[in-house]
Each structure stands twice: as structure tokens, then as C-alpha cells.
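The following exercises ask the reader to examine a structure step by step. Each task is followed by a worked solution.

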2 protein chains.
Amino acid sequence: MNTATSLEEILERWPKLGARERLEMFRAIPREQADDFFLELSSRDQLDLLAALPEGEHRIWLRLLAPDDAADLIQLAPPGQRQNWLKQLDETAQREVSALLAYKEDEAGGLMSPRFARLRPEMTVDEAISYLRRQAGQLETIYYAYALDDGQHLLGVVSFRDLFSADKSKTVRDVMRTQIVTTTEDADQEAVAKLFSLHHLLAIPVVDSEKCMKGIVTVDDIVDVVQEEASEDIQKLGGMEALDAPYLQIGFWRMVQKRAGWLAVLFVGEMLTATAMGYYEQEIARAVVLALFVPLIISSGGNSGSQATTLVIRAMAVGEVKLRDWWRIIRREFATGLVLGSVLATIGLTRILVWQAIWKPYGEDYVIIGLTVACSLIGVVLFGTIAGSMLPFILRRFGLDPASASAPFVATLVDVSGLVIYFTIASIFLRGTLL
Amino acid sequence: MNTATSLEEILERWPKLGARERLEMFRAIPREQADDFFLELSSRDQLDLLAALPEGEHRIWLRLLAPDDAADLIQLAPPGQRQNWLKQLDETAQREVSALLAYKEDEAGGLMSPRFARLRPEMTVDEAISYLRRQAGQLETIYYAYALDDGQHLLGVVSFRDLFSADKSKTVRDVMRTQIVTTTEDADQEAVAKLFSLHHLLAIPVVDSEKCMKGIVTVDDIVDVVQEEASEDIQKLGGMEALDAPYLQIGFWRMVQKRAGWLAVLFVGEMLTATAMGYYEQEIARAVVLALFVPLIISSGGNSGSQATTLVIRAMAVGEVKLRDWWRIIRREFATGLVLGSVLATIGLTRILVWQAIWKPYGEDYVIIGLTVACSLIGVVLFGTIAGSMLPFILRRFGLDPASASAPFVATLVDVSGLVIYFTIASIFLRGTLL
């Protein structure tokens, strides 16, 4: 049996298996590979698996975990059971994990490992290497080592590679770099991910406000962070609350709840369209032709708004656009909206003229109807583009998540205002003819 | 001057600077930090900067780059100029980079570095360590070393850490792991990112179909890959082509082009709503009240479709959902659509009854109007949910990118069918009363 492949297959199928199937599969893995397999599961899956195993075994598996991973697992347990899980660890680990549990899961503090390689600046390169060699088994990574003073203040960093290619008789102080990219315990994990992406590092040290070193965040944890943050943003952009579990694993009612909330809010907002339409009921009764173009016009506003809001939200998330850039964006989107609106207006006008030439569905006032639709399209697309690009700024300005300015949210906003724009232009253009 | 901070500031401001300002800033950086700074720029920014520097300097900067980074840069240059850039490299690098240029940018081959640490399985641990020590300067990473046979076949991998804590007299074969996660040269970069996320590795070896080792992909490059892929998906979900440069850097007309294409396609699709509405013009003329609820009903379908398509596309992108899961998803989304539709129907019916009780806007047939709206909502939301969840499967089945089933695309599809559902239900319910 090619075990490497089959372990990977089990990992792939894992999300779709029930608790009993999982337990059976896990029992079937040879012991020497079961450790690796366990370590590759997500914290949620590890916890579920442990819960299915007899209590006597908890200790063995839990002690395989690095302190940051143990903390992640324990954080997922119901609050009342956390102490029990914690007690399964050895004393040092209990202390480390308790400290980590104090941080929020999505902060640098919640991602960091306290088991980093510490050096004294006056050590020689040779001493440092043999020290690291002895410690290798207990450390999260030996690829960066950190020079600290007596007060645990971070003085410098040496990559293992630098240490390794340096003259053995030099001191750590001679070879260490002192310009260090650091982060703080309460830094948001998105900000930490940006640092990794910008500097291409394998690990970043976490320091407190006194510059005392607390731990390191390693890049392998960041890949997951980036994926999770993107999933959250994408789900919010789709007009719902972010799910807190994979789609196929989350409970049915929990998922419905995450979707129904926003859908109901959008529905209530969209009710204003019925009110707006009711306000123009007389106009529609006199010129039913006006009603025909309502979906076309409001959806164009929604689509252009969706594009603008998506672009701005993503650019904010990856740090390309900051709050202070709003004026640049509004000018750019104003020009974009004008161009896009004109493109759609041209297509729309052509469509009406061609249809009229062939089937004559719009009566003798077709030119003025065509112009009403064209001008409304420009107005609505322009409004959609500006509203879509500015909403994320407004949300962020008030400390809310810009990603809540989802495509459906912007579309709803633009639907109501689009109707007002359309019927206003219509009542100006068509007064004396159709109205 | 705190240079660490100020280099970071320059990096942050870089995207917003013009070519001349960039050159001036770059010149102002002390030479010993300019190297680091140059290496932290994106390939696109490196190329732009080099193009602004006198030709005599190209060689110095280009030779700072690892082969995979040099290949990325050269790939961005206009095809006619690539040979010139290539010639600036030393001979070994020219060979390596030419080999890498044969791969597509978004494949594992395009991400990999050929400068990995090679060991022979019969070497002792001690020999291996001192060999790595000598090579450290030329390698992409020394943290994993790969044991190859004479034919360059990959036999095993040792982490430097394992080597370091092992008995010096053992051989590489004794300590190496033989169950290795590998990828192939033509593997899509998204698939490679999934491997990193699943196995928490720092590097993954790339092998060809004969299991000969070609290079390694390192995790620090994957953080960027994950960000880029998420950005592309998010932009497609917003109803446009993915931008190929950051929002603030891409040219105005290029961005308009990326947005206008899809917007025009959606607009032409949405024109069918005018056709559908025209088909029901008589009904609208007789019962204008029907027109009032058109935006409310079709947008509800669009919003629920947007949720479903977003969820499924993201679950596919991160590998939670496969093509073969379509039947599970359709059952789940059918149930979801029924529940969500019923929620909105209840709110909608309540709204109509309350408005009628207060302002009496809907005439004496308000109950039947309310039921028409409620039933249409259930039908439209159900249709939107199923269409939104299945479209990504259909696209993928035909080899297209599921992310093209954007929220606006689904909304457009649902708008047209939503109108048909609404007016069909209305003509059944209202026949003999309003119609």
C-alpha cells in the first residue's frame, strides 16, 4: 500500500465522514503514521476525534500538539470543558497554553508559539549552533533565532542560514540583523498576513509594548489565515454572514440562519421599491411602457455597483487602498461610471430603435422613450458606481467591516434610488407626451 | 533615522508613486539597504524600476534575484526584450531561468526554484550538515534537503532540524522520510496552495512524471499565490474580469475594459426582462398593482442566488466541494431555498396586510395579491438558490471557471425567470378578479 497517498486520501475524505467512520478509519492507520495524521487535521477535527476516543487516550494525543495548536483546539471546546482538556497537558505546556488562551483567536497573540529559539548576543556562532542543536526538538522552528537581553527585549535576529555560513568565532551580536520586522500581540491576523506577504519571511517575532519578545508567528499558519480571511470576505460579499465552518460540515439550520438574516434585511430594504413604484403608480398606469424597462435599469445600477464595491473592498483587504484614498477613488469611479453608463446607454438606445424598426412595440414616442432609458442608464450606473465604491469607506470610517457592503446590499440601495432616478427623468422627458 | 520603518513606509507608498518619484526615492536609499529593498518589491515593480535605471546597472540588480524570481520578472517583460534581460544573468542562471520560463506562471513549475539542497542517501549526517553549510549561500532554502539517486529520482527528504538532532554517524538514508508530499511541474498553483495548507510544510518538492526532482516550491511564495487567487475569484464574483494589476496601479482604460465587457453581457441578458415584461404588458395595464412588486420579487431571487453561488464557488476553490458532490448540494439548497423563500413570503405577506390595514393601497383584492406575492417569492427564491448553486457545477463540468457564475450573472438569470414565475402565478391566481 502506498501509505502516503492513502493518508492524503483519508484527509481529503475526512470532512464528509461521520464520527463513527472517522474513528474506524483512524484506528486503521498504523500507529507510526497516526501521529502525523493527527497533526495534519484541523483543530476542529482534532477536537471532534478526541471527543470520540476514550478519555484515557486524550493525554497521548493532546501532548503531540505544539502549544499554539493545543490552544487552538482547547479554544474550540465548550467553555465548561476547557479546564479538563488543559489538565491533560504537562505543567510547562499548561502554563504556555493558558497564556495563549488569553488572546483572541484572530490576533497575532492567538497565532503565536512561545517556543522560539533564544540566544544571548555574546554567544559565539559555534556556541549558538550547538545550543540550537540541543534545543531543536522542543522548538517551533530553529530557522530563526532571536537574541534577547536579560529583560527579554528583542535585540536582533539571525537566520540559521546566516549563523551556519558565518565564521565560527564571531559572536551572535556580530552576525545578527537589528532591523527587524515585528508585530504586536493584539495585531489583527490580516495585518500579520500582509507583513508576511510583503517581506517573504518564514517567521515574525511578536513583541509587547515594552519590546519584550512573546513568541513567533510562522508562515505555515499564515496560509490558512489568508484562506480563511478570503473565505469570510467572499461570503460577506455574497450577502450573508460568514460561515464559521466548511459548507458541507456546518449544520443546516445554522447555515440557514447565517443566510436568512441578511436576506430578510435586504428584503425589507427592497420593500422601498414597492413604495417608490407605488408613488409613480399614476405614471405607470398612463404609460405602461415605462414599467417594461424597470428591471433592466435597476439591475444595471446594481451590477455596476457590485463591481465597484467588490474592487474597493478587496483592495482594502489586501492593503492597496487606505481610508485616506477615498477622494482618488471617487474621482476614478466617477469617470468609470460615466463611461460604463454611456456604453450601456448606447446599447439600450440601439436596442429600442432596432426593436421599434422591426416590431414597433413602443408607439410613436419611441425616440423620447429611448432617450429616457438612455439617460436613466447613465444616471443609474453612475450612481451605482459611486455608491458601490464609497460604501466600504463609509463602513470602515465608522469602524464596521467594509466587506458588509456586499453586492446584494449595494444592489438593493441602488434599486430604490434607481427607480427614483428613472421616474424623475421620465416625468421630465415625457411630460406633455405620454404623461 | 529608523531605517526599518522608513523602508517599510517607502514600500507602502510605492504603488502610488510615479516612475520619477520612485527613481528618486530608490536613489536615496543607502546602498547596503537598497539590496533588501529591491528584493522586497513585486516582480512588476522590480521590472519597472530596472527599466528606469541606466542599462549599465541592470546586471547588478538582476543578479541579486533567485532564479525563480528572475524568471518571474523576465516573464513580465515584452516578449521582444526577454532575451536582452536574460543575457544580463551569469551563465548558470541563464540556463536555470530559461528552463523556468518554459512553465506557465500559475503552475508549480513557474513557482519553483531549482536551487534546492541535494544529498546522497549514503552520506553520514555529519557529512550532510557540513555539505549544507558550504552550500547555504547558493540555496533557496537549507531547511529541507532531498536525497536523490544517480538518476535524480527523489528518494527521501530530511528536514534540517531532523538532521541536526540526529546521531552524527547515521546515514541520510537512516534519518530521511520516504513518505513525501510532492507536486508536479504542471500542477495548478491553487492545488499547490492546498497542499501547503493541508500539510503545513515549508517547502514541497516538484517532480516530473519519472519522479525526477526538478525543484522546490517554498511556502513564502504561496502566501502571495493564495492572496492573488482570492483576489481573482472575488473580482470575478463581483461580475467583472479579474484585474491583472492592483486597483490603484492599473490603467484607467484597461480597468474600464475589464468591467465593461461583463457589464454589457449582463445588460444584454437583462434585456430579456424587457421582452418578458412586454409579453405581460396587457396584464400590467389591467392591474398596475402587479408592477409595483416586480423589483422586490426579482431582487429576492437574485440575492438568494448570489448567496448560493458564492458559497459553492468558494467551497470549490478551497477544495471542500468536488464536482461529484452536486447531488448533495442540490438537495441541501432545495431545502434551504424552501425555508428562505418561506421566511421572505411571510415578511412580504405581513407587509401587504399591514399596509392595506392602514392605507388601503391595494384595493379589495388585497388578499389574493398578497398570496400571489408570497407564492412568487417562494418560487423565485427556490429557483434562485438552485440556479445559483448549480451554475458553478455546470461551468466547471464544461471546463470553465466556476467563479464566472458571479453574483450579477446569477441575478440576471434569475431576474428573467423570476418575472416569468411571478406573472405565471399572478395569471393563475388573479384570473377572474383583476385579470
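**Exercise 1.** How much area do chain A and chain B bury between them?

*Solution.* The model is predicted, so local features need pLDDT of at least 70 and side-chain atom pairs pLDDT 80 or more, while totals for chains, interfaces and linings use all residues. Residues are numbered from 1 along each chain as its sequence is written, chains are lettered from A in the order in which they are written, and side-chain values use heavy atoms, without hydrogens and water.

Buried area is the accessible area (1.4 Å probe) that two parts lose on being put together, summed over both. For chain A and chain B it is about 11400 Å², with 64% on carbon and sulfur atoms. In chain A, the residues that lose the most area to chain B are R133(A), Y247(A) and R332(A), together 7% of what that side buries.

**Exercise 2.** Identify a salt bridge between the two chains.

*Solution.* The term requires a side-chain nitrogen of Lys or Arg within 4 Å of a carboxyl oxygen of Asp or Glu. Two salt bridges are counted between chain A and chain B. In one between E333(A) and R259(B), the closest N and O atoms are 2.8 Å apart.

**Exercise 3.** Which residue lies over the face of W355(A)?

*Solution.* A charge sits over a ring if NZ of Lys or CZ of Arg is within 6 Å of the ring centre and within 35 degrees of the ring normal. R351(A) lies over W355(A), at 4.1 Å from the ring centre. In chain B, R31(B) lies over the face of W61(B), at 4.7 Å from the ring centre.
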